[in-house]
Amino acid sequence: MKTYKYLFLLIGLSIVGCSDLEESPITEISPESYFSSLSLEQVEGFTSGAYAHMVHRNFMSREMTQALMYRSDMMAIGRTGAQERIDMDNFTVQADNALIAGGSNTYWPKVYQIIGAANEAIKAGKLLEEEDEAVLNEVIARARFARAFAYFHLVRQFGDIPYLGDETLLSDAVLAPRTPAAEVYENIIADLKFAKEWLPNTQVSRALPAKSAASAYLADVYLTLEEYQLAYTEAKEIIDNEGLYNLGLEPDFQSLFNSDKSDISIEPIFVLHFTGTADGDQGLDYQAAFTGIRSDGQYRNANGEPVGGGWSVEVPSLAVYTTWDANDYRRTVTFDDKALQNGVLRSYETFTDGDGTAVNRPHVAKYTRMGNGTSTGTNFRGSKSNYYMMRYAEVLMIGAEAANELGIAADAEAWVNRVMARSRAGGIITGGINDGTVIAPSAIPADFSGLDQDSFRTRILEERRLEFAYEMKRWYDIARRKLGATAFGPNGLESVVSTESGVGPGPKSFDPSRDYLLPIPISEILINPNLTQNPGY
């Protein structure tokens, strides 16, 4: 990933998001003149540019993540008056929401920048006829994986979207109509199949996709489409070949959120890797800042000094903590329920006594733990963190969920029980107030055993919620399984408000006929007469 910084300069030559195309003279350059002189290194540059875009604040570091976090039943608004966040949290989003529409800090155009850079690589690669097929196709496979990864996020959030394929001219993008979601999924699958064929079994970094990443995302796509046999087959192929792909579960769940250990773990399949260096908002780890506790001094920077705490912006719903069995090791790792504010040790009920802009609820610890001892700046933003886009535990659980739908109970139980066993084993807390605390093995969570199909389905969705808490998975599970009425109803996790701080989930207005999709940004509709709006917006 360190090489991406200088290659990022190439992105200026690639598509810069639908909103910007009308003003950009580069869109008038013909492909023939643009690609008149090419080399494999240039194709690598375009491909690297696609991945460089992924560590910008407008993608998973900040803007898109806020939408995914707030729209789940795991996260709630913290101490912030930003209307775009409040609307995401309360399902009152409009087409001009500042997270998705207009301005420089929105994520719709950023995702199309990823897609645009990938398309440039693919188009350029097709012109290099003299290159070794395997070498060239591996580079193109990385580009097609990046494109599939970007579209998979967009189609799940917006439904029908403009699909810009290999041969789409940059000047045509501002007139691109919405492509039916089913067709977008067909293209995603085709890209992932190509990537699976040409990517190597392993990579030097999990920030680069290997064959297993393409296969894992194929399994995830099939699960989303309820193509359970295909999802099961993809997951089983990975599980049966975990040695070939150098995959396995990290023995200690806590180690996944320790930057010294996560880089060498064999559990991650695909990550966004933050290196502790940044160019403006390129490469900054915002999630540690957004989820950290105000004025909390329990974590340190790279120089051993207190980081200064976070911003208490994305704060878990109180009931997520209070309903999670305290004997589950994952809860201890996932949350910070204590803080060291101005030298005073406080529990979450009194965080606002230490800082009036804090929130009296337990905070997410996964990102602050990862940033401990690595940040080169304040509030964790210069941290060396891995954001887990896909890890092996998810493959096991995708396979288990699909196997259950197919009635293959033996595989379903065996695969998910590996994840349950890891959680029961306990471990050692690293970093923060509880550094060195040994969490003894426990009987929680229990194995999946003897459940009927419906009970298994309910429980595995619950275990996905806990295992991947705050890893940007929950909203997609709610949407694909249509859990909104339950998740955001009167008995949902967000119905419990932290009365101590007066800050908590607002009244939800979830509408199942509208809110499983976001609105198409009004800024895009205004410049593209071929775009239509999603129902209800």
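Analyst: One definition before we start: a crossing is called left-handed if the near helix is turned anticlockwise from the far one by less than a right angle, and right-handed if it is turned clockwise. Please also keep in mind that this is a predicted model.

User: Good. So which hand is the crossing where α8 passes α10?

Analyst: In that sense of the word, α8 crosses α10 in a left-handed manner. The two helices, α8 with residues 133-158 and α10 with residues 211-224, pack at an angle of about 20°, and their axes are 11 Å apart. That angle makes α8 roughly parallel to α10, because angles under 35 degrees are counted that way.

User: Which residues in α8 and α10 meet there?

Analyst: From α8 there are Phe145, Phe149, Phe152 and Arg156, and they meet Ala213, Ala214, Tyr217, Asp220, Val221 and Thr224 in α10. By class, the residues of this contact comprise seven nonpolar, one polar and two charged.

User: Let me step back a bit. How many helices and strands does the chain have?

Analyst: The chain has 23 helices and 10 strands.

User: Okay, back to packing. At roughly what angle do the axes of α11 and α18 cross?

Analyst: They cross at roughly 140°, and the axes come within 8 Å. The two helices are therefore oblique to each other, and their crossing is left-handed. On the α11 side the contact is made by Tyr228, Gln229, Ala231, Tyr232, Ala235, Ile238 and Ile239, while α18 contributes Tyr392, Val395, Leu396, Gly399, Ala402, Ala403, Glu405 and Leu406.

User: And how do the residues of that α11 and α18 contact divide into nonpolar, polar and charged?

Analyst: There are 12 nonpolar residues, two polar and one charged in the contact of α11 with α18.

User: What does the Glu405 side chain join in a polar contact?

Analyst: The side chain of Glu405 is joined to that of Arg481 by a polar contact of 3.0 Å. If residues up to four places away in sequence are set aside, Glu405 touches Tyr228, Gln453, Arg457 and Arg481, and Tyr228 is one of the α11 residues in the contact with α18.

User: α11 has another neighbour, α19. How do their axes cross?

Analyst: The axes of α11 (residues 228-240) and α19 (residues 409-424) come within 13 Å and cross at roughly 55°. That makes α11 oblique to α19, and this crossing is left-handed. Tyr232, Lys236 and Ile239 of α11 are in contact here with Asp411, Trp415 and Arg418 of α19, a set that divides into three nonpolar, no polar and three charged residues.

User: Changing topic to the backbone. Which peptide bond is cis?

Analyst: The peptide bond from Ile444 to Pro445 is cis, with omega near 0°. Pro445 sits in the loop between β10 (438-439) and α20 (453-467). As background, most peptide bonds are trans, and most residues other than glycine have a negative phi.

User: Next along is Val313. What is Val313 in contact with?

Analyst: Leaving aside neighbours within four places in sequence, Val313 is in contact with Tyr70, Ala76, Ile77, Gly78, Thr80, Arg85 and Phe290. Val313 is in the loop between α13 (286-291) and β3 (314-316) and counts as buried at 5% relative accessibility. Its C-alpha is 9.9 Å from that of Met75, although 238 residues separate Val313 and Met75 in sequence.

Key: Residues are numbered from 1 along each chain as its sequence is written. This is a predicted model: local features need pLDDT of at least 70, side-chain atom pairs count only at pLDDT 80 or more; totals for chains, interfaces and linings use all residues. Side-chain values use heavy atoms; hydrogens and water are left out. Axes are lines fitted to C-alpha atoms, for helices over the stretch in contact, and angles run from 0 to 180 degrees between N-to-C directions. Helices (H or I, at least four residues) and strands (E, at least two) are DSSP runs, numbered from the N terminus. Angles under 35 degrees count as roughly parallel, over 145 as roughly antiparallel, 65 to 115 as roughly perpendicular and the rest as oblique. Contact means heavy atoms within 4.5 Å. Ala, Val, Leu, Ile, Met, Phe, Trp, Tyr, Cys and Pro count as nonpolar, Asp, Glu, Lys and Arg as charged, and the others, Gly among them, as polar. A polar contact is a pair of N or O atoms within 3.5 Å; within protein, one must be able to donate a hydrogen and the other to accept it, and residues adjacent in sequence count only if both atoms are side-chain atoms. Buried means under 20% relative accessible area, exposed over 50%, partly exposed in between (1.4 Å probe, protein chains only).
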